[in-house]
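Subject: Structure handover

Hello,

The structure we discussed is below. My notes on it follow directly after.

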Amino acid sequence: ATYYYQPLTGSAADNGSGLASITLDGAAVENGGTIAAGGTLAATDNRGNTATYTVTVDSADYDAAREAAAALPETITYADKAAVKAARTALNAVTDEAARSKLGEAETKVTAAEGVIAAIETDISEVEELINALPATDTLTVKDTPALSEIETALAALEAQGVTSGDIDNYETYTAAKAKLEAVMAEINEVKDLIDALPVAEEVGYGDEAAVAAAEKALEDLRAKYAGDVDYIDEAVGAETLAAVRKSLDGLLAEQEALIEKIAATEYNITMFEKDIAVITGLRAEVDEMIARDATFTADELKPLTDAETALAALTEQSEAAHAAVAALPEAADVLYTDKDAVADAAAQVAALEGKDTFTAEETAKLEAVQAVITAIEEDIADVEARIEALPASVTVSNAADVDAIGDALELLKARGVAETDISNYDTYVTAKQQLTDVLAE
């Protein structure tokens with residue numbers, strides 16, 4: 001008999017005398033054991049009786065089918081398509097019903113593998129349909145990028161299942177579309193990067209104007225280039241974010257412009273009065289606060305303020321000098337005629353600040369007191385000069401009392417810091433005194 005599978009089971013039964021042996025081509029075979037090859041099977045009982053049976057084993061197709069199925073991996077990918085197909089061909093080559101019935105496990109495995117391949121091919125067909133649904137490459141626009149992204153996602157999933165670009169019939173159509181849209185997306189991403197680099201609206205500063213303007217210009221150019229896809233572009237780059245940043249920045253710039261106008265319109269009173277100083281320092285504080293947030297001002301924009309600050313600095317120096325001059329004066333009881341110039345200078349400095357500065361009651365009283373002392377000394381000098389002027393051209397003994405009185409007065413003036421040169425006719429007094437001395441000597 002011919003069998004189209006292996007192994008076979010070799011067995012024999014005796015007639016009651018007992019089975020002595022079973023052999024296959026002379027080689028002992030265990031009763032009920034397996035036979036993998038053909039030959040002559042002989043059974044001998046204990047009485048020496050022998051029966052033979054010729055076995056032919058033609059299992060090449062069976063073996064090939066079983067091996068092809070066994071060789072399939074547990075996890076099937078599209079790379080195994082040829083192996084699955086070969087396994088199916090091998091199974092179909094086994095036409096003997098008995099042999100085929102023993103390939104149930106192989107049949108199950110191959111059928112499952114074919115199901116996996118069929119599912120992958122369904123996915124491939126779906127991707128090919130998506131690619132076919134794309135507009136012609138030369139008419140693609142940015143609004144087609146979502147469809148391209150869907151295709152890319154599907155292709156990535158297929159690649160994980162062993163599908164290659166060669167398995168996609170219209171893959172070249174996809175690559176052409178990708179090349180065009182990638183260039184468009186690169187432009188979109190450039191603008192998006194500019195917007196993403198900006199601070200949030202709540203943190204934008206004056207120094208961000210250039211960056212905001214650059215992002216706006218880039219977006220404007222992109223909108224003009226793809227005028228039919230403005231809505232998609234705005235969503236892709238985050239145009240709403242840019243608009244919020246611009247609104248916040250415009251608010252800051254409006255505040256700056258208002259401050260510049262305020263600086264120009266302010267009437268600056270250069271005095272040492274607190275209310276006038278507060279106007280200048282207040283404006284400077286506002287300017288400095290904006291500069292701290294990267295605002296910039298031109299010299300012309302700040303000129304009214306800086307001119308006022310310069311004038312105030314000069315007045316402050318003048319004021320400090322005047323107050324210091326008054327403070328440096330001696331008390332009235334200690335004033336000498338040698339302090340005349342210092343008193344006059346202090347008085348002049350105080351007078352120059354009239355309407356621009358205030359002096360304490362103590363300062364005013366001190367200056368008035370020392371001025372009164374100088375005035376009194378000047379009056380005494382004038383009195384002495386008048387008395388000298390009243391002396392006759394030729395002094396006699398009768399004038400002795402007057403000359404002595406003048407001498408006493410001069411000594412008092414000298415004690416108060418008056419020098420001989422401060423008496424305009426002091427030489428006349430000297431001559432008169434010498435004449436009196438000469439007369440008395442005679």
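Pro 7 sits in the loop between strand S1 (2-3) and strand S2 (8-10); helices (H or I, at least four residues) and strands (E, at least two) are DSSP runs, numbered from the N terminus. The peptide bond that joins Gln 6 and Pro 7 is cis, with omega about 5°.

This is a predicted model, in which local features need pLDDT of at least 70 and side-chain atom pairs count only at pLDDT 80 or more, while totals for chains, interfaces and linings use all residues. Residues are numbered from 1 along each chain as its sequence is written, and side-chain values use heavy atoms, with hydrogens and water left out.

Backbone and loops

Asp 25, in the loop between S3 and strand S4 (27-28), has a positive phi of about 50° although it is not a glycine. Asp 25 is exposed, at 55% relative accessible area; buried means under 20%, exposed over 50%, and partly exposed in between (1.4 Å probe, protein chains only). Asp 294 is not a glycine either, and has a positive phi of about 75°. Asp 294 belongs to the loop between helix H10 (274-292) and helix H11 (299-328).

Asn 399 is in the loop between helix H13 (361-389) and helix H14 (400-415). With a relative accessible area of 12%, Asn 399 is buried. Leaving aside neighbours within four places in sequence, Asn 399 is in contact with Pro 392 and Ser 394, where contact means heavy atoms within 4.5 Å.

Ala 98 is in helix H3 (residues 97-101) and is partly exposed, at 34% relative accessibility. From Ala 98 to Ala 344 there are 246 residues in sequence and 142 Å in space, C-alpha to C-alpha.

Nonpolar cores

The largest nonpolar core has 41 residues. Such a core is a set of buried Ala, Val, Leu, Ile, Met, Phe, Trp, Tyr and Cys residues joined through side-chain atoms within 4.5 Å. Those with the most contacts inside the largest core are Leu 72, Leu 103, Ile 124, Ile 151, Leu 158, Val 163 and Ile 168. Two or more residues come from each of strand S3 (19-24), strand S6 (39-45), helix H1 (60-71), helix H2 (81-93), helix H4 (104-133), helix H5 (145-160) and helix H6 (171-196). H4 gives the most, with eight residues. Ile 168, leaving aside its neighbours within four places in sequence, is in contact with Ile 124, Glu 128, Ile 131, Leu 155, Leu 158 and Val 163. Another core, of 35 residues, lies apart from this one and includes Val 335, Val 350, Leu 353 and Ile 374.

Helix packing

The buried residues in H6 are Tyr 174, Ala 177, Leu 181, Val 184, Ile 188, Val 191 and Ile 195. Their cover includes H4, H5, H7, helix H8 (230-237) and H9.

H6 and H8 pack at about 45°, with their axes 9 Å apart; axes are lines fitted to C-alpha atoms, for helices over the stretch in contact, and angles run from 0 to 180 degrees between N-to-C directions. That makes H6 oblique to H8 (angles under 35 degrees count as roughly parallel, over 145 as roughly antiparallel, 65 to 115 as roughly perpendicular and the rest as oblique). On the H6 side, Ile 188, Val 191, Lys 192 and Ile 195 meet Tyr 232, Ala 236 and Val 237 of H8. By class, that contact has six nonpolar, no polar and one charged residues; Ala, Val, Leu, Ile, Met, Phe, Trp, Tyr, Cys and Pro count as nonpolar, Asp, Glu, Lys and Arg as charged, and the others, Gly among them, as polar.

Helix H7 (residues 209-225) and helix H9 (residues 239-265) pack at about 140°, with their axes 11 Å apart, and are therefore oblique to each other. Glu 209, Val 212, Ala 213, Ala 215, Glu 216, Leu 219 and Arg 223 in H7 meet Ala 239, Leu 242, Val 245, Arg 246, Leu 249 and Leu 253 in H9. The residues of this contact divide into nine nonpolar, no polar and four charged.

The axes of H9 and H11 come within 8 Å and cross at roughly 45°, which makes H9 oblique to H11. Ile 260, Ile 263 and Ala 264 of H9 make the contact with Glu 301, Leu 302, Pro 304 and Leu 305 of H11.

Regards
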